[in-house]
Amino acid sequence: MAAAHKVIVALDYANLADAKSLVSQLKPEYCNLKVGKELFTATGPALIDYLHSKNFKVFLDLKFHDIPSTVKKACEAASQLGVWMINVHASGGAIMLEAALEAVSKAKQPPLLIAVTVLTSMDQKTLEEIGVTRNLEDQVLRLAKLAEKSRLNGIVCSARDLVFLRNHFNPSFLFVTPGIRMTEDATNDQIRTMTPFEAMKSGSSHLVIGRPITQSKDPSKTLEKIFLEINQS
Ligand code: C5P
């Protein structure tokens with residue numbers, strides 16, 4: 001896999017101007033970009049067209065979770081934007097996942113389709129609140145297996161989960177991992193972090209990195225440093 005596609009910079013901004021200002025400092029040779037709910041809701045597809053015009057590949061992180069026919073239509077609409085990757089919640093169940101895959105497969109340029117298992121903001125107590133009594137790691141594995149069985153391309157998870165996940169999946173299954181920090185970074189609200197090097201060694205396919213790059217004094221230099229670190233792994 002080309003190193004350029006391993007780093008995904010999270011464009012966690014509220015408006016187009018701020019997003020454009022960061023993007024102007026980045027190069028598509030070094031990273032892909034992630035657009036989430038806040039920015040996409042504020043800007044709509046115009047932003048995606050802009051990023052494509054600058055030759056960036058886009059992960060549209062909208063985490064669809066709804067009845068199968070609605071998710072299918074949402075995935076069709078997302079696929080028509082020509083994005084590189086989209087995602088859905090695995091907890092929507094097999095029929096929903098298969099509907100999403102069907103939509104993606106019909107696209108002219110099918111994006112990669114990945115699943116969210118258990119959000120990293122959830123812990124054992126939160127699972128119990130929604131009636132899941134199984135151990136959190138078992139629940140992550142169960143949902144990841146459901147995504148694999150439904151022929152999705154991979155999952156989003158913490159790089160730390162790869163210790164118990166990686167061996168259960170074939171090497172082509174993608175593990176997209178947020179919560180990445182360089183040793184000198186503040187952890188912010190991420191609890192279980194890993195460095196880019198450690199995450200790649202553990203079997204991550206792609207690293208989602210937000211604040212260490214977006215809040216850096218020199219985003220371009222920080223990205224380059226991460227790129228070099230990854231190429232040692
Ligand atoms: O700034 P930071 O590097 O923590 O950003 C991480 C990005 O990854 C954010 O866009 C966040 O929403 C996303 N994310 C996450 N944990 C997940 C899934 C996505 O931090 N489980």
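These are my notebook entries on a predicted model, taken element by element.

**Ground rules**

I worked from a predicted model, in which local features need pLDDT of at least 70 and side-chain atom pairs count only at pLDDT 80 or more, while totals for chains, interfaces and linings use all residues. Residues are numbered from 1 along each chain as its sequence is written, and side-chain values use heavy atoms, with hydrogens and water left out.

**The barrel**

I looked up the strand order and found a closed barrel of eight strands, β1-β2-β3-β4-β5-β6-β7-β8, with parallel pairing. Neighbouring strands of this sheet are turned against each other by 25° on average, with direction ignored. For the names, I note that helices (H or I, at least four residues) and strands (E, at least two) are DSSP runs numbered from the N terminus, and that two strands pair if DSSP finds at least two bridges between them.

Five of the five residues of β4 are buried, so the strand is largely enclosed by the rest of the structure. Met85, Asn87 and His89 lie on one side and Ile86 and Val88 on the other. β4 pairs with β3 in the parallel sense over three bridges, and phenylalanine 59 stands opposite methionine 85 there. Strand β7 (residues 174-177) likewise has both faces covered, with buried Leu174 and Val176 on one side and buried Phe175 and Thr177 on the other.

I also noted that α4 lies across β3 and β4 (85-89), running at about 165° to β3; axes are lines fitted to C-alpha atoms, for helices over the stretch in contact, and angles run from 0 to 180 degrees between N-to-C directions.

**Nonpolar cores**

A nonpolar core is a set of buried Ala, Val, Leu, Ile, Met, Phe, Trp, Tyr and Cys residues joined through side-chain atoms within 4.5 Å. The largest one has 67 residues, of which Val35, Val88 and Leu165 touch the most other members. Its largest share, six residues, comes from α5. A second, separate core of eleven residues includes Ile8, Ala10, Ile114 and Val176.

**Helix α7**

Helix α7 (residues 136-149) has 14 residues and reaches 20 Å from its first C-alpha to its last, close to the 20 Å expected at 1.5 Å a residue, where the expected span is 1.5 Å times one less than the number of residues. Its buried residues are Gln139, Val140, Leu141, Leu143, Ala144 and Ala147, and they pack against α5 (94-105), β5 (112-116), α6 (124-129), β6 (154-156) and α8 (162-165). At the helix start, a side-chain oxygen of asparagine 135 comes to within 2.9 Å of the backbone nitrogen of glutamate 137. After the helix comes arginine 151, with a positive phi near 65°.

Aspartate 66 sits in the loop between β3 (58-64) and α4 (68-80) and is partly exposed, with a relative accessible area of 43%. Beyond its neighbours within four places in sequence, aspartate 66 is in contact with Val71 and Met96; its C-alpha is separated by 8.9 Å from that of histidine 89, 23 residues apart along the chain.

Arginine 211, in helix α10 (residues 211-214), is partly exposed at 28% relative accessible area. Arginine 211 and valine 9 are 202 residues apart in sequence and 8.9 Å apart in space, C-alpha to C-alpha.

Technical notes: Buried means under 20% relative accessible area, exposed over 50%, partly exposed in between (1.4 Å probe, protein chains only). Contact means heavy atoms within 4.5 Å. A polar contact is a pair of N or O atoms within 3.5 Å; within protein, one must be able to donate a hydrogen and the other to accept it, and residues adjacent in sequence count only if both atoms are side-chain atoms.
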